[in-house]
Amino acid sequence: MKTLHILSRSPEQPSAMDRCLKFSSKNDSLLLIEDGVYFALPSTLSKIKQSLDAANITLYVLEQDLVARGIHKQTDQSIQTVTYDGFVELTATHNKSSSWY
Amino acid sequence: MTSNSTKARKKVLIILTQSPCSGSLSREAIDYCLAAAAFEQDLALLFTGDAVLQLIKDQNPSVINQKNLTKTLSALPIYGIEKFYVDLSSLVKYGINDNLCLPTIKVDANEISKLLTNADTILNF
């Protein structure tokens, strides 16, 4: 059973990410959308990277939201971006999804 | 007339806290600035928290069907608004300390406290 966690809040409201990381399970996936994409900046990513790696959570970021916010060239190289089609695919390849905000 | 308008000139501190694409507040703040500038008020803007993200160049919100705030923001100096302060700790947090769309003065928590103390009116967006 794999869950897709969808996070839409910026690092300035850390409670959403805190809850998401606290309640996620090993091998789940995390998709950053809307203001959640600011977590993909290297300085904010470093704060969650350890928790993600420890639980083997795969991170995805919605490309359109990165481009809209002008940070698509500044995001960490290790990050996998997805388009809206990829978003749909992720929801299909996971058993369920959970939105955090 | 001149002395009256000088007397009525207030020091207004506008505090911006919201990210550029999260809602209408950041746009409303700019609308307020433009209106207040027309009445020749002494305006200062402080970008703190997520609002520092408004200053990132190269934004393209049209891909999510939103208007680009950066253009209006960078036009503010044309309307006589020239005091732009930015919370240094927020810049550091997001690692975006250079290449901003406005010429800003970086301030720490102590200097921000002074900005609030010295203002006649404070508006939070």
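The model is predicted, so local features need pLDDT of at least 70 and side-chain atom pairs pLDDT 80 or more, while totals for chains, interfaces and linings use all residues. Residues are numbered from 1 along each chain as its sequence is written, and chains are lettered from A in the order in which they are written.

**Exercise 1.** Find which elements give two or more residues to the side of chain A that touches chain B.

*Solution.* Start with the contacts, meaning C-beta atoms, placed from the backbone, within 7 Å: 15 residues of chain A meet 19 residues of chain B. Next, look up the elements, which are α2 (42-54) and α3 (63-68) of chain A. Of the elements, α3(A) gives the most, with 4 residues.

**Exercise 2.** Work out the strand order of the open sheet in chain B.

*Solution.* Take strands as DSSP runs of E, at least two residues long, numbered from the N terminus, and count two as paired if DSSP finds at least two bridges between them. The 5 strands then run β4-β3-β2-β1-β5 in chain B, with parallel pairing. At the edges are β4 (105-107) and β5 (121-124) of chain B, each pairing on one side only. Finally, check one pair: β1 (residues 11-16) of chain B and β5(B) share 4 bridges, and B:Ile15 stands opposite B:Asn124 in β5(B).

**Exercise 3.** List the contacts of A:Val37, leaving aside neighbours within four places in sequence.

*Solution.* Apply the contact cut-off from Exercise 1 to get A:Leu32, A:Val61, A:Leu62, A:Asp65, A:Leu66, A:Arg69 and A:Ile71.

Terms used:
Contact = placed C-beta atoms within 7 Å.
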